[in-house]
Amino acid sequence: MRGMPAAPASWSSREPGTSERTWLRGTPWASLGHLDVEALAARYSRVVVVAAHPDDETLAVGAFLAMLADAGLAVDVALVTDGEGSHSAATGLTFEVVREVRRREFDDALGVLLGGALGRVERLALPDGRVADHRAELAAALERVVRVTAAEASTVSDQSPSRAVGCDDAATDVTSTVAPSMTPVRGSGTERVLVVAPAEADAHIDHDTCGAVARDVAAQLGAACVSYPLWWWHWGDPSSVAETVWERSVLTVPDVASLQRKRAAIAAYSSQIGTFARPAAEPAMLDAGVLAHFERLVETLFDPDGALPRVASSDDGRTPAASFDAMFEGSDDPWGVETRWYERRRRALIEAMLPEEHLGRVLDLGCSTGVLTQVLAERADGVVAVDGSAQALARARRRDVDGVDWRHAELPSVLDELADEGQRFDTVVLSEIGYFLDGATLLATLAGIDALLRDDGVVVVANWLHPTRDIPLDGRLVDEQVRLVWPTLARYEDDDVAIVVARPSNGDAPTAATAPVSRDTRAVLRIPSTSANPVYTGDFRPHSSTDGERGIGAVSGESARDDVEGEAS
């Protein structure tokens, strides 16, 4: 795609690459278009994914594939190589052994992501690292895949596969169903096929070849084609990316379930993320620095031809402020922040974990009724407290706390407003608000926070860890995303809450020397909680529950205060 930066003359996956913090600061998250999955399912009847190696499909677009499956679209996959060259001769493993292991991992990962939506899989078994020597064979195979996909889609119409495909039956040989005389003809249903292939400028010869050939085949047959970057995140630099590239990029913004399935699918590739059959001197192919790009809460597709429908700009990626305002219809303290033990304990933990007694200038995002804000103000030179709920702020202002600038505003736009005013902060608090934002809006918020921090400034992020529903994210995902972009200064976790204190100026995190952050990296203290777990449903009033969910449902309640008092311990 035009505007892509030129790849370096040489690069290595073993070397530290571009950090997630660099991409966080250099990517215009707030202005990128979001994929409309429902409209995509209406526009296309089937999707063909081209993967140069096993794991490419999961790392780059795993959550997207899960979203397609949930939308009822069948997905066919063309696996170009078996990735048999991923282990050096020092491991003592033959190509045949590695090929068999990676094939099994591939089947397992696709089963997690797609289940019954997995259609045909064609394994081309071209030589790993030498796909460019087999362009004609690759082109012929992809032509067959797209034609058969189009023919099957027109036959079954809007029906999706009814059974899950396991390891034994996933590898349907497409060539056996294609007549030798079949030649590429534009149309014949191919315009209802979407091809998803590696980016042509990924600086890996197999990826680049697969991307270029897939684009040519799609154009010849009249199918749509988009591409995904993979190693580009490792060697690329956002400062050298042309604006036109971002204009033609579309974000997939997955829900919690799709993100969790992607993480489970990545874990299936133990040969790539662990020390499977590797000598001590040879690290895993996908270390924490590389994986950080693919544990991001969004995925990116390059769409130069406008093949992907985008959501309307009015969809701002936040839980509506009206939902929060409605909470206050029957109570001045619907969250129970002044009565519930959990809320008091979380507040005390945040206060204790702040590394300096004097907080300087403080930005409190999602301040609600201002209970924590009042605590922060006692140690600060001044506080800007922001909330999207007018009802919450009305109650916060009654506290009459000196030195607080209460603002009714939304994330992330308020951060740009503060930057335009020349404001800078020493301490930023984001307490239990991140999961009410979708992945793209959270990334834009974190980028805005990063830009507002003074040197040696700290960010404190607290997250409820119990399940959520009908809101964009959950606390675990938010906590992981924060630790992917900023180095951790301190962290606390128990059964209910995780609190991380980050100091971005300490450098980039994580690097190749660290363990993957999404694996179990529990902090200094691990304390089982005895407090009751509320579930937030309907009008957001808390109700006692044993499953500890937080979200928006269809349940309404009586007095929120009565519910809260019944839970307090």
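A residue is called buried when its relative accessible area is under 20%, exposed when that area is over 50%, and partly exposed in between, with a 1.4 Å probe and protein chains only. By this criterion Glu432 is buried, with a relative accessible area of 9%.

The structure is a predicted model, in which local features need a pLDDT of at least 70 and side-chain atom pairs count only at pLDDT 80 or more, whereas totals for chains, interfaces and linings use all residues. Residues are numbered from 1 along each chain as its sequence is written, and side-chain values use heavy atoms, with hydrogens and water left out.

The pLDDT, the predictor's confidence in each residue on a scale from 0 to 100, averages 84 over the protein, and 80% of the residues score at least 70. In residues 511-548 the pLDDT stays under 50, and the model has 120 contacts (heavy atoms within 4.5 Å) beyond four places in sequence for this stretch. Residues 551-569 also have a pLDDT below 50, with 48 contacts beyond near neighbours in sequence.

Most residues other than glycine have a negative phi, and most peptide bonds are trans. Glu432, although not a glycine, has a positive phi of about 55°. Glu432 belongs to the loop between strand 12 (425-431) and helix 17 (439-452); helices (H or I, at least four residues) and strands (E, at least two) are DSSP runs numbered from the N terminus. Asp456, likewise not a glycine, has a positive phi of about 70°. Asp456 is placed in strand 13 (residues 453-464) and is exposed, with a relative accessible area of 51%. A cis peptide bond, with omega about 0°, joins Leu411 and Pro412. Pro412 lies in the loop between strand 11 (404-408) and helix 16 (413-420).

Charged side chains provide a further theme. A salt bridge is a side-chain nitrogen of Lys or Arg within 4 Å of a carboxyl oxygen of Asp or Glu, and the whole structure contains 33 of them. One of these links Glu343 to Arg340, with the closest N and O atoms 3.3 Å apart; both residues are buried.

In helix 18 (residues 475-485), Asp479 and Arg483 stand 4 residues apart, about one turn of the helix. Their side chains form a salt bridge of 3.1 Å, N to O, and both residues are buried. Glu493 and Arg491 form a salt bridge of 2.8 Å, N to O, and these two residues are buried as well. Through salt bridges that share partners, Arg476, Asp479, Arg483, Arg491 and Glu493 are joined into one network.
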